[in-house]
Amino acid sequence: MKMQSNNHFLLIKLLTLHYLLVLSASQDFDFFYLVQQWPGSYCDTNSSCCYPTTGKPKAEFGIHGLWPNWNNGSYPSDCDSSNPFDASEISDLMSQMESEWPTLSCPSNDGLKFWGHEWNKHGTCSESVLDQHEYFSTTLNLKTEINLLGALEDAGIHPNGSEYSLTSIRDAIKVASGYTPYIECNKDSSGNSQLYQIYLCVDSLGSCFIECPFVPGERCGASTKFPSF
Ligand SMILES: *[C@@H]1O[C@H](CO)[C@@H](O)[C@H](O)[C@H]1NC(C)=O
Ligand SMILES: *[C@@H]1O[C@H](CO)[C@@H](O)[C@H](O)[C@H]1NC(C)=O
Ligand SMILES: *[C@@H]1O[C@H](CO)[C@@H](O)[C@H](O)[C@H]1NC(C)=O
């Protein structure tokens, strides 16, 4: 009898601890945005771009980042300055990083600044789930699960400078991925709205795509340019 009540007490303690851990973990962040950018739309703006020292990126969507976000639309950032980006942690991923996550910022550089910025600002906020190596490898793996350019081209949407309806872009990606993306536009140097970044949502373990719990306000206009690169 004594034994049994001790066990109950222990069980209650464990359940309470578990509940508190789940509570505190769920406050870190709720889901991720996987954000990919079209290099043609990065480069044809007034601020222009610089190719990485490793050469012109391929004409494909490139990764911008994997961003922890809250369901209310805001997001945590710069969560742990004691765990800064360490390139040696991802030396085995370097050739994939250069090909799938190319930097376009000026002056021309090898990408370490870009990846360091992404880890320090966003990655540290999900370090309870993904360590540095896992953060980058998970992002690379998620990208290969859905070929955005292929999805658009299958729907007759080509990066040739023509305008396409926002609905057709969104539908094409929904057909290929099963989930509705958020589309972000920017402006070319003449002020035309163009397809800049595509956001897909990922569960808080980084394991699968989900329907977006929060979608920012759309600012694209009904049709949008898809420039070449
Ligand atoms: C959004 O939710 C998070 C986590 O619950 C909270 O820390 C943050 O203050 C909230 N932000 C806003 C603007 O409500
Ligand atoms: C771009 O491709 C679309 C679909 O094939 C075609 O209708 C359109 O005329 C092309 N635009 C240009 C500027 O070549
Ligand atoms: C880009 O720069 C040109 C020349 O200075 C200017 O005429 C144009 O309005 C700018 N475009 C945008 C979108 O700000």
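**The disulfides, one by one**

Mentor: A disulfide, meaning a pair of cysteine sulfur atoms within 2.5 Å, joins Cys50 to Cys106 with an S to S distance of 2.1 Å. This is a predicted model, in which local features need pLDDT of at least 70 and side-chain atom pairs count only at pLDDT 80 or more, whereas totals for chains, interfaces and linings use all residues. Residues are numbered from 1 along each chain as its sequence is written, chains are lettered from A and ligands numbered from 1 in the order in which they are written, and side-chain values use heavy atoms, with hydrogens and water left out.

The link of Cys50 and Cys106 is right-handed, with 105° about the S-S bond, and it connects distant parts of the chain, 56 residues apart: Cys50 sits in the loop between α2 (39-43) and β2 (62-69), Cys106 in the loop between α3 (94-100) and α4 (112-121). Helices (H or I, at least four residues) and strands (E, at least two) are DSSP runs, numbered from the N terminus.

Cys79 and Cys125 form another disulfide, with their sulfur atoms 2.0 Å apart. Cys79 lies in the loop between β2 and α3 and Cys125 in the loop between α4 and α5 (132-145), so this pair ties together parts 46 residues apart in sequence. Cys125 is buried, at 5% relative accessible area, while Cys79 is partly exposed, at 41%; buried means under 20%, exposed over 50%, and partly exposed in between (1.4 Å probe, protein chains only).

In Cys43 and Cys49, whose sulfur atoms are 2.0 Å apart, Cys43 is buried at 17% and Cys49 is buried at 15%.

The count comes to five disulfides, in the pattern 1-2, 3-5, 4-6, 7-10, 8-9, with bonded cysteines counted along the chain.
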